[in-house]
Amino acid sequence: MQKNWRIINTDERIVSTLIKGLDLNEIFAKILVNRGIKNINQAKHFLNANLESGLHDPMHLPDMKKSVARIKKAIDKKENILIFSDYDVDGVTSCAVLKSAFLKLGINPKTMFPHRLKEGYGINKNAIDFARQEKIDLFISLDSGTTNHKEIKALNNFGIDVIVVDHHHVGEELPSVVGLINPRRKDNAYPYLDLASVGLTYKLAQALLGSHLEEELDLVCLGTIADVVPLDGENRIFVKYGLKYLSETKRPGLKALIELASLKEKNITSRHVSYIIAPRLNASGRIASADISLELLLTKSSEKAVELAKKLNEYNKERRAIEEQILEEAICCVEKEINFKEHRVIVLAKDNWHQGILGIIASRLVDRFYRPAVVISFEGNLGKGSARSIKNFHILDAISQCDEFLEGFGGHRYAAGVTILRNNVDYFRNHFNKIAQDSLLEEDLYPLLEIDAEIDLSKLSISLIKNIEMLAPFGANNSVPLLCSRNLKMRGKPMKMSRDTLKFWVTDGKHTYQALGFGMTQYQNTLEELDSFDLAYTLGLDDWQGHASLQLEIKDIKPS
């Protein structure tokens with residue numbers, strides 16, 4: 001797929017200040033400025049990301065004081081407490097952090113997750129009925145609840161107090177709760193807005209126990225990375241320290257899962273979490289019940305941990321098999337039904353696609369075709385769908401303009417969910433496409449590579465890679481730095497390696513480096529025919545037989 005390249009326009013005055021003030025490499029200074037660093041103090045704070053001094057006071061979060069007071073009252077009076085949490089990794093880790101805090105306080109609260117397929121996201125009727133039956137006095141909703149006004153009023157009518165800890169969009173009306181711990185509130189004074197729910201729950205646990213709770217950072221790290229929130233500010237600190245705790249975790253469940261995933265004795269990175277650990281923890285909520293993942297995180301038994309880790313691994317295999325089957329069908333539907341000259345969005349609807357996989361399928365379609373995608377599965381007359389978007393298209397805003405054709409919807413800029421009746425799909429598809437036609441430019445329909453710096457091969461070095469490693473952990477808002485070099489030639493012939501990888505050597509006439517293109521064997525003939533070419537790449541180390549050499553990990557190739 002054709003990609004657009006954009007060299008980031010870096011403020012050279014700030015670059016010069018960082019070079020002089022911190023004695024930095026020019027390229028590294030540019031990369032820092034491209035991540036929003038505007039002065040020397042910000043650079044020091046970003047690079048040091050200190051756990052002791054970098055975190056804000058939990059009591060500055062909205063309604064934290066009221067929430068802590070209500071929970072302590074419940075503990076003193078031995079009231080019945082229910083923790084209701086979302087079924088994804090952010091929700092499960094949030095639940096594990098808060099339950100652990102309650103156990104330390106001598107309380108064993110009940111826990112509950114909605115069933116993804118039967119109940120969907122958020123507080124539901126079954127949760128309300130369960131709370132009544134169990135005579136719950138305090139209902140704590142994690143990673144959902146901000147917009148569940150009707151359900152919370154129903155709980156209130158039964159004499160049940162509610163606390164919501166959530167990071168999702170807050171509307172004009174606040175729910176009728178004892179406390180809404182959500183920095184998205186208009187009256188928020190907390191200095192950092194982008195905590196995942198597990199980060200907010202960790203703050204609540206800190207406020208309850210009056211300690212740093214560093215032993216919980218492995219869980220905070222998992223939920224933060226899995227929810228793809230920006231890895232800056234407090235999130236950067238949580239993940240930086242949390243990855244260390246995760247690599248050395250004492251939790252039998254995580255140890256078993258890490259060993260089963262062949263990550264034992266490795267320094268676990270954010271990439272390992274995103275692509276190996278989080279999908280396994282998510283699989284139970286997609287295929288069965290999120291209770292299994294919670295049990296794995298909290299179990300003290302090594303034998304039980306191994307059993308649960310194997311179960312999650314099997315669920316993940318099942319999820320992948322279902323995903324590949326549905327993706328193949330979805331791609332066929334796109335090729336038959338979508339005319340990209342006329343359609344700027346993908347809307348697919350089919351009976352009995354597994355609803356726990358739809359978000360993944362929508363993401364895979366976006367990756368493949370670079371169009372906003374909505375994937376809907378029908379059971380009877382009612383369809384549920386997941387939507388994913390591209391850089392310049394706010395998918396929730398677009399969907400909200402189609403509300404007359406929908407039974408319900410929710411989400412944010414890049415991901416959303418919809419509920420729709422069968423006879424409204426064509427109306428929705430047409431209106432949604434018209435909105436996209438009006439708002440998306442032709443250039444928006446090609447992936448954009450935002451390149452930190454154009455660089456000569458002569459400026460590459462092992463020391464530059466060591467500098468770049470100081471920026472880790474990488475993730476949302478802090479991607480691995482992307483560089484480009486122009487007018488390169490190939491030395492020798494490119495080789496096809498395993499997993500569709502292309503390996504070749506590039507030179508500018510004076511310097512030569514190994515290059516790897518994962519999933520890029522289709523470029524082999526093109527490379528051999530080009531007299532010269534430009535590369536966009538990230539830097540890596542090939543540490544073979546103890547000898548480290550620099551290599552280029554290719555993201556795109558263009559003729560010079």
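I took a polar contact to be a pair of N or O atoms within 3.5 Å, one of them able to donate a hydrogen and the other to accept it. With that in hand I looked at the start of α14 in this predicted model, where a side-chain oxygen of Ser301 comes to within 3.4 Å of the backbone nitrogen of Glu303.

I then checked the length of helix α14, which covers residues 302–337. Its 36 residues should span 52 Å at 1.5 Å a residue, and I found the end C-alpha atoms 51 Å apart, which agrees.

Next I looked up the cysteines, and I found 0 disulfides in the structure. For Cys333, which is in no disulfide, the nearest cysteine sulfur belongs to Cys332 and lies 7.0 Å away. Cys333 has a relative accessible area of 15%, and because buried means under 20%, I noted Cys333 as buried.

Is Gly159 buried or exposed? I placed Gly159 in the loop between α7 (149–157) and β5 (161–165), and its relative accessibility of 55% makes it exposed. I also took the separation of the C-alpha atoms of Gly159 and Ala330, which are 171 residues apart along the chain, and it came to 47 Å.

I traced an open sheet of 5 strands with mixed pairing, in the order β7-β8-β9-β11-β10. Its edge strands are β7 (346–351) and β10 (408–411), each of which pairs on one side only. Ignoring direction, neighbouring strands of this sheet are turned by 15° against each other on average. Helix α17 (residues 425–439) packs on the sheet, where I found it touching β7, β8 (373–379) and β11, and its direction makes about 165° with that of β7.

My last entry concerns strand β15 (residues 501–507), which is mostly covered, with 5 of its 7 residues buried. On one pairing, 6 bridges join β15 to the antiparallel strand β14 (residues 483–497), and Arg491 stands opposite Trp505 in β15. The hairpin of these two strands has 3 residues between them, and there I noted Arg499 with a positive phi near 55°. β15 also pairs with β16 (residues 512–517) over 6 bridges in the antiparallel sense, with Tyr513 in β16 as the bridge partner of Val506. In the hairpin of β15 and β16, which has 4 residues between the strands, I found that Gly509 in the turn has a positive phi of about 100°.

Key:
Residues are numbered from 1 along each chain as its sequence is written. This is a predicted model: local features need pLDDT of at least 70, side-chain atom pairs count only at pLDDT 80 or more; totals for chains, interfaces and linings use all residues. Side-chain values use heavy atoms; hydrogens and water are left out. The expected span of a helix is 1.5 Å times one less than its number of residues. A disulfide is a pair of cysteine sulfur atoms within 2.5 Å. Buried means under 20% relative accessible area, exposed over 50%, partly exposed in between (1.4 Å probe, protein chains only). Two strands pair if DSSP finds at least two bridges between them. Axes are lines fitted to C-alpha atoms, for helices over the stretch in contact, and angles run from 0 to 180 degrees between N-to-C directions. Contact means heavy atoms within 4.5 Å.
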